[in-house]
Protein chains: 2
Amino acid sequence: MALADELRIALDGRWREVRDRARVELAREDLLPDPALDLAAKRERVRKQLPVIARTGTPRAGFGAEYGGWADLGGSITGFEMLAYADLSLMVKAGVQWGLFGGAIESLGTEHHHQKYLRPLIDLDLLGCFAMTETGHGSDVQQLETTATYDPQTQEFVIHSPTASSRKDYIGGAAADASVAAVFAQLITADGADHGVHCFVVGLRDEHGHDLPGVTTSDCGPKGGLDGVDNGRILFDHVRVPRQALLNRYADVDPAGTYTSPIENPNRRFFTMLGTLIRGRVSVAGAAGSAARLALCLTTRYALRRRQFSSPGADRETLLMDYRLHQRRILPLIAGCYALQFAQNEMVAKMHNLEQQEAPDEREHRRLEKRAAGIKATATWHATRTIQECREACGGAGYMAENRLTTLKEDTDVFTTFEGDNHVLTQMVAKEVLTAYADEVRGLDPLGMARFAATTVADMVKERTAAAPLIQRLIDARGSEDEDNTLFERGTQLKMFEDREQHLLETAARRLRSSSGDEQSAFEAFNAAQDHVVHAGQAHTDRIVLEAFVAAIDNCADPDAREVLETVCDLYALRVIERDKAWFTEHNRLSTSRAKAVTAAVNELCARLRPHARDLVDAFGIPEEMLGAAMLNDPAFG
Amino acid sequence: MALADELRIALDGRWREVRDRARVELAREDLLPDPALDLAAKRERVRKQLPVIARTGTPRAGFGAEYGGWADLGGSITGFEMLAYADLSLMVKAGVQWGLFGGAIESLGTEHHHQKYLRPLIDLDLLGCFAMTETGHGSDVQQLETTATYDPQTQEFVIHSPTASSRKDYIGGAAADASVAAVFAQLITADGADHGVHCFVVGLRDEHGHDLPGVTTSDCGPKGGLDGVDNGRILFDHVRVPRQALLNRYADVDPAGTYTSPIENPNRRFFTMLGTLIRGRVSVAGAAGSAARLALCLTTRYALRRRQFSSPGADRETLLMDYRLHQRRILPLIAGCYALQFAQNEMVAKMHNLEQQEAPDEREHRRLEKRAAGIKATATWHATRTIQECREACGGAGYMAENRLTTLKEDTDVFTTFEGDNHVLTQMVAKEVLTAYADEVRGLDPLGMARFAATTVADMVKERTAAAPLIQRLIDARGSEDEDNTLFERGTQLKMFEDREQHLLETAARRLRSSSGDEQSAFEAFNAAQDHVVHAGQAHTDRIVLEAFVAAIDNCADPDAREVLETVCDLYALRVIERDKAWFTEHNRLSTSRAKAVTAAVNELCARLRPHARDLVDAFGIPEEMLGAAMLNDPAFG
């Protein structure tokens with residue numbers, strides 16, 4: 001088998017069949033974005049394409065067999081990832097309908113809701129939206145202001161937007177298409193007690209598309225991208241819904257108005273509910289990966305035909321890909337894509353397995369949430385930087401919408417913001433490690449972190465991936481730290497990633513604990529260490545990603561592919577070290593001469609991978625029909 | 001006077017009156033972009049707004065009094081910079097008409113062309129475009145393929161596109177509006193001799209907007225931004241133009257077909273012609289500065305009203321701007337804007353003064369070109385990164401087009417590519433310094449650099465800004481390098497910038513000279529050092545920018561403003577050092593403990609500037625009418 005095929009098998013992972021099916025199903029040019037359309041036409045187009053996706057397995061895979069689903073969560077997430085090679089508006093529209101709205105019904109609802117909603121929503125007979133974010137609160141979901149007040153008289157909840165800032169905002173589907181919404185609101189019982197944020201199914205529009213009484217929707221208008229998605233705003237004016245509108249898996253209100261929940265701690269209850277919604281976050285990470293790979297495939301293939309400036313001893317000018325600078329701009333980003341793909345595959349498999357358990361271990365679930373937060377942030381930042389670099393690396397051609405890079409950039413730009421702001425998520429990752437999974441300090445509240453930072457390093461639970469013994473073996477087998485050539489040893493790289501994470505976490509914990517304990521002091525300690533904490537969170541995820549790469553290489557049977565993967569892994573690891581070289585030298589993890597050697601090593605690795613450039617991106621397995629860039633076919637360019 | 005006003009005076013510089021006039025003239029909401037319009041409507045809108053700009057002084061300022069101009073080049077460039085607060089499509093459309101097309105006529109043409117074209121083009125009676133770039137060659141202009149073959153029989157030039165790749169591409173105005181083009185083509189005389197690239201005025205369309213015989217224009221279609229600009233492609237099929245169509249300031253062909261030029265060396269002639277066109281590059285740097293300032297003004301004001309997560313001992317949540325992470329994301333970018341504004345002002349003044357000389361010194365002109373290349377690259381990268389960070393820092397609101405950040409990002413994204421690709425320009429900067437201004441090695445050809453790298457450091461001409469004595473004084477007065485607190489000394493910072501540049505240049509020269517001299521070896525030496533060379537080019541420009549900042553502080557009379565400027569300058573300098581900290585430690589310019597102190601210093605400076613955040617952006621002097629962001633007024637946000 002050709003190298004690219006062997007590499008593709010490694011990258012495809014467990015749900016290879018889902019990917020292969022999608023490669024056939026989605027290889028249609030009418031599913032690509034059409035930048036020449038205006039906003040209304042783009043929305044109309046996506047609306048018409050959604051049924052095409054409904055006929056693929058992707059939506060069905062995410063739901064149980066009793067409602068017509070295939071009960072293959074991993075396959076569903078992988079399907080969404082593949083869909084991201086097509087129009088990203090279509091992917092987001094599908095994600096809202098089946099992932100967010102459908103996911104809320106399935107995860108937060110019970111039998112009654114499943115019976116009533118799942119089949120219609122799978123078949124697009126019911127279009128829903130996911131109304132969590134408000135203008136006033138996006139990151140701090142616990143502070144949402146929309147209220148759902150129970151009225152025992154009529155056995156109804158009254159959904160209300162009491163303030164300007166409680167307006168639901170940026171909600172995909174709310175501007176035009178959704179007839180119902182999963183609305184997150186503070187549940188208040190007749191005694192005036194606020195039981196925190198819960199989710200309710202609320203009708204928005206009648207069959208003619210008009211707002212129902214008490215509901216006022218509006219259109220967010222043009223955005224930075226995702227033009228095919230009708231994002232909107234919703235205001236509720238004392239809208240009454242039946243008691244059963246509460247998605248009552250984790251809490252219920254009886255007809256008389258008594259609130260009950262199997263989870264006593266309100267904080268824990270809130271985060272348990274939120275935790276069931278991670279499939280959105282995992283899907284965004286996957287879609288970001290697809291978008292970055294697509295951009296790199298286009299850019300690499302362009303750099304392998306585009307020539308500029310005279311070449312010595314040759315009739316033709318020099319290929320862009322033969323310039324060291326161009327290699328340096330592109331190849332480390334490809335290595336990043338490989339690393340993140342392996343980490344994504346591992347995460348999806350973990351989620352899938354956990355979902356299949358009768359009684360999932362709560363600590364395992366929190367680890368998965370942490371991982372999803374970290375990989376979502378890392379993958380979406382990687383996508384944003386990658387696509388920007390690709391746009392620039394293709395020069396003027398890169399700025400033409402017909403070459404897709406600008407649309408990719410625009411459509412993915414909000415990925416760093418939605419499904420959790422990346423800076424907030426990265427702090428959450430650090431917090432989960434630092435506070436040793438204390439129930440009291442879940443979520444994103446900065447104060448909690450300072451107050452509950454682990455008192456000893458031993459309290460910080462070191463999470464190892466499945467490949468733990470292999471990783472320990474590699475670390476133990478590494479050579480002396482004084483020699484430059486050990487930089488190419490996996491054990492050295494693993495140890496450097498591990499050391500950095502541990503040191504950053506330990507010192508962050510020490511700084512956070514230095515506060516005297518009162519609120520003001522805790523906030524100040526947290527705030528003073530905020531950049532440090534984010535660094536620690538990133539270092540944690542970097543290690544998880546590298547370990548996933550190492551495990552994937554171990555799983556690769558083909559010796560040629562394995563050899564290339566080893567080099568790609570070196571490039572990934574050394575590029576991460578190079579970017580944080582100052583930290584490694586300041587903390588005596590790198591001598592100044594070894595630090596210089598890191599840069600030389602990155603250059604050398606780029607040169608070594610240059611002959612495989614085409615194979616590396618062909619291995620992404622993106623069908624030709626889904627590339628759709630004029631610059632790859634127009635003879636004027638090559 | 002208020003602090004913001006004093007700071008504004010410092011930032012405004014020499015052409016303050018031009019800026020103040022623009023602040024009144026442009027404070028109209030109808031000049032802001034309207035993202036709700038479709039492509040055709042956006043173009044139509046810009047077409048209608050262009051006459052509004054024609055009535056301001058900006059276009060007129062760029063041309064001589066004998067043609068109705070004001071002969072105030074600096075004022076003209078400053079006017080374009082101010083125009084960038086409005087719709088950037090309008091700025092680019094104006095820049096094409098008066099800057100590029102008008103600039104080519106004025107700089108490359110003679111009396112005949114001035115008489116014929118300048119008044120009509122100033123008054124918009126003649127719309128032109130600037131047809132340099134071809135699909136096959138953008139960066140390497142010397143290799144353009146379009147031919148202009150002289151026919152002595154008819155005393156005409158025959159303009160022709162012989163290949164697919166010789167198609168003129170991405171040309172602003174070519175898709176619809178321009179009736180003539182300044183076309184760059186290889187001038188070939190009847191004896192078959194190719195005299196290199198020259199510029200010709202060629203008609204494109206008749207009065208009904210139809211392509212003239214032999215001309216085929218087409219539309220580039222949707223782009224990543226600048227929707228209001230009609231970029232297009234042009235193919236010429238043996239189009240005949242009179243002999244006088246050659247803009248003949250630097251070369252001419254007599255009726256019989258004999259080619260003459262006052263500049264004998266063809267390479268030098270080519271770069272002399274190209275060098276006259278730097279006003280485009282300088283204008284783009286200025287526009288990038290405006291866009292970055294606008295984005296930071298919006299983002300800072302949002303961060304001063306937006307709150308998220310509970311605040312200790314307060315009823316209200318914490319302002320975004322009070323988080324250390326947010327300060328770190330925003331304030332160093334503001335400092336960068338200050339630095340670049342001062343460098344831009346200095347550069348514009350230099351260009352203005354040079355233009356006024358009877359016989360401008362050629363070496364001075366080349367220095368100006370180098371500076372324009374370096375500052376263009378630095379300012380446009382700064383804008384791209386700044387606006388991206390601002391978009392993310394405003395979260396979901398940042399993604400809504402009504403808040404302007406996404407449009408700013410899209411419209412400025414091509415700035416890093418057009419008027420010279422930034423990576424190519426940065427190499428050119430390094431090359432100009434490294435090759436000690438050897439005539440033989442101008443331009444962007446990588447081989448030349450390797451072959452002509454200075455043999456001794458003494459050959460590298462150290463260029464000092466106007467403030468040379470002051471800078472030397474500061475450097476001499478600096479304290480011991482062993483103490484952390486000397487990081488806050490201007491002299492220490494200046495010395496560090498200078499040392500880094502010098503060391504990078506010296507070592508780059510050594511690597512380039514290591515080639516054995518033949519073409520293949522020279523290319524390999526160049527290519528192996530390419531990342532190093534770019535680093536050296538950036539370090540050179542960083543120093544020029546810091547020195548401009550120091551000179552500007554020296555010019556500031558108000559003690560309060562001066563004190564704030566000193567802090568902003570510290571932040572600028574230490575942020576540059578922080579980003580390149582690994583280099584400084586690897587080369588023993590920073591001990592590891594001092595390196596840590598740099599990070600602490602950046603945090604401290606951010607905290608020190610936090611109280612002035614609003615003043616710092618108010619000092620940009622952007623009229624309220626030109627901000628146009630819903631998030632700053634909507635009560636739901638603050």
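Let's start with one pair of residues. Ile171(A) stands opposite Gly232(A), and that glycine sits in β8(A). Keep in mind that this is a predicted model.

Now the strands around that pair. β8 of chain A covers residues 231-236. β4(A) is joined to β8(A) by three bridges. The two strands run antiparallel.

Next, the sheet. Which strands make it up, and in what order? The order is β4-β8-β7 in chain A. That makes three strands in an open sheet, with antiparallel pairing. Which strands lie at the edges? β4, residues 168-172, and β7, residues 215-219, both of chain A. Each of these edge strands pairs on one side only. From one strand to the next, the twist averages 35 degrees.

Let's step back to the whole chain. How many helices and strands does chain A have? There are 23 helices and eleven strands. Why call chain A as compact as a globular protein of its length? Because its radius of gyration is 25 Å, close to the 26 Å that the globule rule gives for 638 residues.

Now the dimensions. Along its principal axes, the C-alpha trace of chain A spans about 90 × 60 × 40 Å.

On to burial. Of the 638 residues in chain A, 58% count as buried.

Last, contacts. Take those in chain A between residues at least 6 apart in sequence. Of these, 72% join residues at least 24 apart.

Back to the opening pair, to finish. Ile171(A) faces Gly232(A) across the pairing, where β4(A) and β8(A) run antiparallel.

Definitions and conventions: Residues numbered from 1 in each chain as written. Chains lettered and ligands numbered in written order. Predicted model: local features only at pLDDT ≥ 70, side-chain atom pairs only at ≥ 80, totals over all residues. Helix = DSSP H or I, 4+ residues; strand = E, 2+ residues; numbered from the N terminus. Rg over C-alpha atoms; globule rule 2.2 N^0.38 Å. Buried ≥ 20, exposed ≤ 12 C-beta atoms within 10 Å, placed from the backbone. Contact = placed C-beta atoms within 7 Å. Pairing = 2+ DSSP bridges. Axes fitted to C-alpha atoms, helices over the stretch in contact; angles between N-to-C directions.
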